[in-house]
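This report covers side-chain contacts, aromatic rings and pockets, in that order.

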Amino acid sequence: MAYSQRKDGHHADIVIYGGTSAGVIAAVQATKMGKSVIVISPDVHLGGLSASGLGFTDTGDKSVIGGLARTFYQRVYQHYQQANAWNWQKKEEYGNKGQGTPAIDGKDRTMWIFEPHVAEQIMEDFVKENKLTVYRDEGLAREAGVEMKDGKIISIKTLSGKIFRAKMFIDATYEGDLMAAAKVNYHVGREANAVYQEQWNGVQAMVFQHSHYFKNNIDPYKKPGDKTSGLLAGISNDQPGPNGTADHKLQAYCYRMCLTDRPENRIEFPKPDRYNPMDYELLLRVFNAGWNELFNKYDPIPNHKTDTNNHGPFSTDFIGMNYDYPEATYAKRKEIIKAHENYQKGLMYFMANDPRMPKDIQQQVKKWGLAKDEFKDNGNWPYQIYVREARRMVGDFVMTEHEVLGKKEVPNPIGMGSYALDSHNVQRYVTPAGYVQNEGDIGVKAPKPYGISYQAIVPKRTECKNLLVPVCLSSSHIAYGSVRMEPVFMILAESAATAASLAIDHKINIQDVKYNQLKNLLLNQKQCLTLTH
């Protein structure tokens, strides 16, 4: 069924806001259900983080990734079966050695690790094959762009003035902008442990579960030992609150850089627009204290490239510099994003060029650079910053660590997660002993895959009756640390589109969808809802 354009705007059964992997998958599923659909993407490039450097997929238990999400990873597998997919490396040179999850799973014909441009091409193939209508570079007018009547969204307006009308809406953004503009209740930051009787939420000072903390006593002052000289860049004057208490701070963002050590495809690390070598003085002190794990998260993806992620006490995460991002205006968000870009480009430029760097490490860094054949229209820099967490809806059901850790049953599951409770650092401060330390980094393994409730993607009935939120879903901060994985967003988005279609068919509110009907459809789509092994 095609959408229609009328005098009062663009009409469709379902309008999806967000060109992320979740947005595209939701649109494919809506089309499969015979519904007309429009995707409105604030970005030009589709696929979100999956197409923007996060190619070393955080899978957890791959057996519970079903439906269209699995189709995506099967498409990756099919791509790398072609000889012309291997430009810079022989296929047999790339495999499962050293990786925690199999890169290529021949038995299931899936592949979980891929180059950014491959993911983007698969997303574009989905668009073409399903004849999806996509409006790109169209940001929601967040102040007054959502028209509501009787608890339903009637229309949404973009900054360019276009108006989109639909029976059902899906917010597939990392930020939750449509949800917020529709006045749905949400939370930003960490809840106190007392709110949901959790252990791992709230402030977690001096709790170390990964290697992303300062193992040595590092002086925080510009002149070592001299408090009057001021703190080094990136260290906060604030002290964390008592452990387990709430704050409105966020786990850190970064870019997932695609690097290569293949000289013919390598571009030297560029000097950022704003560069100050003193911003990296703290890193120098870490190296000088003997830290040697720099290359531990240069995770190998095909063709001599990496998905380079944050690792260690001072790395690609720009700790403490994203707190305003979720609620910020578009202009302010651009400033925050630019500051992250400058920081991370500066980090790489510093390590490759500063004469004070340890020589052996610098020589290794110089072997790496940005990949010439990725992000070609963006200076070879990823399109999308890694928004690990922004707004989170507060629905009638909230996913907490109790569900993730298998301590409580999940009602009405529409998909499964399995990754650890994973929060990156939230702040960097000076300890009472006078040394620099990070806070907020948590990693607690989920004992087995767990269900994610339908009620976690649906707002309260009193707030909005025709909106689904599969990305900024109803979850505590620490539970979101497990849920927030790209395969899970795709899974929840497919289920959201299925539920939206059912609601349209039965002319009911999204809260009134009968779970058994939804469940049967999802099982037919080969979604995994409960453990069968």
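With which side chain does the side chain of Asn265 make a polar contact? The partner is the side chain of Asp373, at 2.9 Å; a polar contact is a pair of N or O atoms within 3.5 Å, where within protein one must be able to donate a hydrogen and the other to accept it, and residues adjacent in sequence count only if both atoms are side-chain atoms. Asn265 lies in the loop between β13 (259-260) and β14, and is buried at 2% relative accessibility (buried: under 20% relative accessible area, with a 1.4 Å probe and protein chains only). Helices (H or I, at least four residues) and strands (E, at least two) are DSSP runs, numbered from the N terminus.

The model is predicted: local features need pLDDT of at least 70 and side-chain atom pairs pLDDT 80 or more, while totals for chains, interfaces and linings use all residues. Residues are numbered from 1 along each chain as its sequence is written, and side-chain values use heavy atoms, without hydrogens and water.

The structure holds 23 aromatic pairs (ring centres of Phe, Tyr or Trp, the last by its six-membered ring, within 6.5 Å; stacked under 30 degrees between planes, edge-to-face over 60, the rest tilted). One of them, Tyr280 with Tyr343, is tilted, at 5.8 Å centre to centre and 35 degrees between the planes. Tyr280 lies in the loop between β14 (266-267) and α6 (281-288) and Tyr343 in helix α7, so the pair ties together parts 63 residues apart in sequence. Tyr280 is buried at 1% relative accessible area, and Tyr343 is buried at 7%. Both belong to a cluster linked by ring pairs, together with Tyr275, Phe314, Phe318, Tyr349 and Phe350.

Two charges sit over rings, as tabulated (NZ of Lys or CZ of Arg within 6 Å of the ring centre and within 35 degrees of the ring normal).

| Charged residue | Ring | Distance to ring centre |
|---|---|---|
| Lys345 | Trp381 | 5.2 Å |
| Arg391 | Tyr186 | 5.2 Å |

The largest pocket holds about 920 Å³. A pocket is an open set of points on a 1 Å grid over the protein atoms alone, where a 1.4 Å probe fits, with protein on both sides within 12 Å along at least five of seven lines; lining residues have an atom within 4 Å of a point. A volume is the space filled by probe spheres set on the points, which are joined across faces, edges and corners. Its lining has 34 residues, with Pro42, Asp43, Lys334, Ile337 and Tyr383 nearest the centre. Helix α7 (residues 330-353) gives the largest share, six residues.

Note on methods. Buried < 20%, exposed > 50% of the residue type's maximum accessible area, 1.4 Å probe, protein only.
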